[in-house]
Amino acid sequence: MMLSSKVHTSRASVPRSAKSAVPFTGVRRGTSVRGSASMAPVAGVTVKPVPTKPYEGQKTGTSGLRKKTKEFMQPNYLANWVQSLFNALGDEVNGKSLGLGGDGRYYGKEAAQIIIKLAAGNGFKKVVVGQDALMATPAASALIRRRHLYGGLIMSASHNPGGPENDFGIKFNYNSGEPAPERITDKIFGETSKVATLNMADIPDVDLSKVGVTKFGEFEVEVVDPVADYLAQLKEVFDFALLKKFLSRKDFTMVFDAMHAVTGPYAKRILVEELGAPASAVLNGVPSPDFNGGHPDPNLTYAEELVKIMWADEAPAFGAASDGDGDRNMVLGHKFFVNPSDSVALIAANAQACIPYFKGGLKGVARSMPTSGALDRVAAALNVPFFETPTGWKFFGNLMDAGKCSVCGEESFGTGGDHIREKDGLFAVLAWLSILAYRNKDVPEGGKLVTVADVCTEHWKQYGRNFFSRYDYEECASADADKMVAHLRDVIAKSKAGDKIGEFTLATADDFEYTDPIDGSKASKQGLRFVFTDGSRIIFRLSGTGSSGATIRMYIEQYTADPAKLMLDAQVALGPIIQVALELSQLQKFTGRERPTVIT
């Protein structure tokens, strides 16, 4: 709710304020909410200070600000947050270059024009924006790093649905290409409560449909091919010649589902034009403002079309999907699902042999705490450092910047490497294709190809299998979710080692805490854990990636090295511990939910 009913701008344009527009020729100090900070617009840019009032609840997390699209379309709502970001950053933005792009969802093009005007009015000398305001999240990270930008703004709500009735989001990535650290996001939130003036440049909208440079005085907007820098980065990671040879085989077929989201143009350029896959290999490859009415989350529930294709008798050998902004992935074989926890472990285990970027070995590996322990076993076998972090890519970024992590992943379909500072859906897809290409390089065309299922089965025989599943209960009433969490905290407080919970013996129960080994920062209350003596785990977390209600995530894991059990269906193998988790949490009692929204 806005704290004042009076507004002076609309989302589409910025009318003249009561004061006349004043061209700045130097530094005006103390005129904005920055206080002692200096706002120095570049020469030739006229700035109109536009009065505004704060909105409540513009809390910025690691994934930025996500709300319903209609909230962002309120007068000055987006502009307030962007101005608050620039106020938080202070005068260090003067003369710098800013990246900009998004996943193509509804309101993105309008938002880009507002951001460009605010960037010009707050001292940036240049904005580098993707054509048609498109830029996948991993591509934005690559752009920032390759062009040495000050940072970048990404307009996305990731895997959440889009359109006027659904979600929009915006986040800031800093100069290493990583999501903004808490020291910045906390400042942004503080500024949103007192923002009073929008430093809006008096410039027309920029034609974002054409690649090229537009200048306003000494301020310029460069519209770029959103794929180019990212593709150049990937070519430094993978053996494109090996991949092209493999994808050109007549006995290998694949399908990539872009889910009507931003990776469609990326997949066409990389998989089809660069690597020789047929155009039919890219499914749903045209970005849609509402993702064609779908939910662009690459899992077994929402990527239903791809799953049906891969479970058909005459299915392709390889299937994959990515999400709304291109940072998540799902990998499938013929009638075979690769759990994301296994996927990061398999990529790490094969990286040195199959991916040129890692030929010197891995610096270390990391996973989020809810992700299964499959990666831990690979790290031990490779004798490389291992880190268990809270959920959030910024924790991996710290490790990567310090040279301590090469490959990392989260069970929420996020996988990445230190070539950028974001999770990267197409990186994971190309990593899997690289593993298959390497394993099949000596198999003659028409011979028996090593399959996705073969690669996983061989891995389990060597390392054992961490059966893993995640139950998502989306859009639960926040009060009900909070009551369940309070109940679990009470259970943890009363628990002790040796307690029997169902057929399992408790080793420890806690609320996960993390001290960052790089900067010493501490993160607490990161997930409620019940760890059992056989290595099995039950974990509960509330997710903040949606725009309404609460998503309860329940994670269940059980390890086996028994060869006779390796090929069991995960839901069958985990049946007893799933029942324990539901009884322990009393989830149905607190939420009224009889079944999860999504099972992975």
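Two strands count as paired if DSSP finds at least two bridges between them. Strands (E, at least two residues) and helices (H or I, at least four) are DSSP runs, numbered from the N terminus. The views below show a predicted model, in which local features need pLDDT of at least 70, side-chain atom pairs count only at pLDDT 80 or more, and totals for chains, interfaces and linings use all residues. Residues are numbered from 1 along each chain as its sequence is written, and side-chain values use heavy atoms, with hydrogens and water left out.

**View 1. Strands β13 and β14 lie side by side.** Strand β13 covers residues 254–257 and is joined to β14 by two bridges, the two strands running parallel. Look for Phe256, which stands opposite Val282 in β14.

**View 2. Five strands make an open sheet.** Their order is β14-β13-β15-β16-β17, with mixed pairing. At the edges are β14 (282–283) and β17, each pairing on one side only. In general, strands of a sheet pair through backbone hydrogen bonds, either parallel or antiparallel.

View 3. A pocket is an open set of points on a 1 Å grid over the protein atoms alone, with protein on both sides within 12 Å along at least five of seven lines; lining residues have an atom within 4 Å of a point. Of its 21 lining residues, Phe337, Arg465, Asp569, Ala570 and Gln571 lie nearest the centre. The elements giving two or more residues to this lining are β17 (336–338), β22 (465–476) and α16 (570–573). Strand β22 provides the largest share, five residues. Domain 2 (230–463) and domain 3 (465–599) each give at least three residues to the lining; these bounds come from an automatic or database domain assignment.

View 4. A cavity is a set of grid points where a 1.4 Å probe fits but cannot get out. Which residues line the second largest cavity? They are Thr60, Gly61, Thr62, Gly64, Trp81, Lys171, Phe172, Ala180 and Thr185. This lining divides into three nonpolar, five polar and one charged. Here Ala, Val, Leu, Ile, Met, Phe, Trp, Tyr, Cys and Pro count as nonpolar, Asp, Glu, Lys and Arg as charged, and the others, Gly among them, as polar.
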